[in-house]
Amino acid sequence: MPKYIVKRAFMAAVTAFLVATLTFFIMNMVPGGPFLAEKAVTPQAQAAMEAKFGLDKPLSEQYITYMEDLMHGDLGPSLKKRGRTVNQIIATKFPVSAKLGGIAILVAVFVGVPLGSVAAFNRGKFLDNLIIVGSTAGIAIPNFLSSTLLMYFLSTKLNLLPSMGLNNPVNYIMPVIALSLYPTAYIARLMRSSMLDVMGQDYMRTARAKGISTFKSIFKHALRNAILPVVTYLGPLLASLMTGSFIIEKIFTIPGLGSEFVGAITSRDYPMIMGTTIFLAVFIIIMNMIVDIAYAYIDPRIKLK
Amino acid sequence: MEKKNILSFQLNVDDFVPASSEEKQSLVVMRESVSFWKDGMRRFKKNKIAMVSLLVVLVVMIFAFIVPMFYPYGYEQQMKGSERLAPMEYSADEQARIDAGEDVFPHILGTDQNGRDYAVRVMVGARVSLTVGIVASLLILLIGSTYGAIAGYFGGMVDMVMMRIVDILYTVPDVLIIILLATTLKFPLEVLATYPGFSWIQKIGPNMVSMFLVFALLYWVGMARIVRGQIMVLKQNEYVTAAKALGANNGRIIKKHLLTNCIGTLIVTTTLQIPSSIFTESFLSFLGLGVQAPMPSLGSLASAALNGLQTYPEKLFAPAFMIFVIILSFNLLGDGLRDAFDPKLKN
């Protein structure tokens, strides 16, 4: 097990390095620059700015400097938010997105798994059809639509919930619903099909033949086996939800990492793009690693190599 | 019993008597053999939900591609004096014409702030979204299946390197690549469109072409992974060994034997790719990186409607409903196709 983790960590470092390199060169090859869009900037001022941040040096030199700083954990200064480093920005924005995303994932798992299981146990009956229709509809609504429609009905029309910010627990309700709608529906579908699969297995019949109560057979045998596909899906899901959704953050005016990232790309804040990209990549890699380890823990048949 | 001749094969002579016509009769195949397609179609036709969703897809396509051609209003036609009409409302001008006994086609969904008929804009928007979805999915199919087939067939080092590339592409945030590529490709494509032979780019719109390219470059990785997995199983089959023994080269084996044998998976994955491409397209249009100005797409219509949500909510509901119906019916159609054509789900 420790050997496996070391091996994975090494591969993760290599991947992160390649992602950083790729991003660095793609970003710099694209026409345009951080100081071009600003009005009232004289060529001299622009040159001075570029000299200050080292953007006038050859690309290879910039790359080496950046990588050296990266090794020390320094992601550099933000070009657009004067006087703030990328490390600081990520440190303040990430917790906001992570909290919102974390709640949404908990909702998705604790609603999706029971829904899928209930559908599987009632296969072909009314409840099953209802859940199938609901979950299929759930994956057909893009989150910008679900959030605007929620906003329209709950906030504008009925005036039940505040429409922006995250100051009170009540503020979390709409963004969490909008964020968790798709994953909940997806998990319910995954869970239903894997539960149906598991229920047809021989060991389920054996468990029943042994006289184990339905309750115990579901929780000890069926659920533990059927939840594996959901665990696989959780890796990328954790990464994408906890690092912030640009759309949701924009619509509900939430100061999270997702909108920061898109803002950085459009304004060509190079160190900010690099910093967030590397952060996201490392986050995705770590999440996938945790999921793989969790996999071996849930299913002892799987041996990590 | 006669003595056995040790040099004889000890065969029964009766076994070699020509078959009688009766015996021949019993060997005649009574029913035509069921081919892969027929078998799949038969199962598909039984699936009511899938048939209904196929019908819905066809109806949406008729509305998106054919109806706008006969529609009395154009999607970029601006009518002075009929700005911001409510559904089924007539402007003062049109009301006067109706009173004069003229036939005026109603604005079923009203008009937008520039006096353009909203119903035809939603239809054309659906056309744009469908085109992007379908063309992007076909490009993804082409790139993904080729890449995945090569990685899966050759295996070993080739597979290692090719799949690591896929992993890296998977890890780079797609929003970054989409925004950077969309802005980068815009200018070269506009230049390219001025050259003879490339005027079709102008006709479709450089934005749309760059969107196809972005999708094709970005989302083939999922398809490649699925195809690779299939090919790795299929290449163990005897018919591949037989083809090799007969001297077929690798390209032929991949094309003729391996890819044709995972056709079911390819169809299903492509069908399910269409809604997700439409999803991404509407997301991009929502960000303002989608198709160019007068041309509407469902995402850009929805995003434009956000500003006037308080007063004109129906401007959001129409494209939202359209997106929902398209994605839902393609998803259900894909599920139905999978149930019908996936050999693993046969029983």
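**Figure 1. Chain A is built from helices.** From the N terminus on, the elements of chain A run α-α-α-α-α-α-α-α-α-α-α-α-α. Chain A has 13 helices and zero strands, where helices (H or I, at least four residues) and strands (E, at least two) are DSSP runs numbered from the N terminus. This is a predicted model, in which local features need pLDDT of at least 70 and side-chain atom pairs count only at pLDDT 80 or more, while totals for chains, interfaces and linings use all residues. Residues are numbered from 1 along each chain as its sequence is written, and chains are lettered from A and ligands numbered from 1 in the order in which they are written. The C-alpha trace of chain A spans about 85 × 55 × 30 Å along its principal axes.

**Figure 2. Helix H7 (residues 173-199) of chain A has a kink at Ser180(A).** The kink is about 40 degrees and lies shortly before the proline Pro183(A); the bend at a residue is the angle between axes fitted to the seven residues ending there and the seven starting there. H7(A) is mostly covered, with 20 of its 27 residues buried. A residue is buried if 20 or more other C-beta atoms, placed from the backbone, lie within 10 Å of its own. Of the 305 residues of chain A, 36% count as buried.

**Figure 3. Helix H4 (residues 86-121) of chain A crosses H12(A) at roughly 130 degrees.** Their axes come within 8 Å; axes are lines fitted to C-alpha atoms, for helices over the stretch in contact, and angles run from 0 to 180 degrees between N-to-C directions. H4(A) contributes Ile89(A), Ile90(A), Lys93(A), Phe94(A) and Ser97(A) to the contact, and H12(A) contributes Leu257(A), Gly258(A) and Glu260(A). Two residues are in contact if their C-beta atoms, placed from the backbone, lie within 7 Å. By class, this contact has four nonpolar, two polar and two charged residues. Ala, Val, Leu, Ile, Met, Phe, Trp, Tyr, Cys and Pro count as nonpolar, Asp, Glu, Lys and Arg as charged, and the others, Gly among them, as polar.

**Figure 4. Chain A touches chain B.** The contact takes 34 residues from chain A and 28 residues from chain B. H1(A) gives the most to the side of chain A that touches chain B, with seven residues. The residues of that side divide into 26 nonpolar, eight polar and no charged.

Notes. A residue is buried if 20 or more other C-beta atoms lie within 10 Å of its own, exposed if 12 or fewer, and partly exposed in between; C-beta atoms are placed from the backbone.
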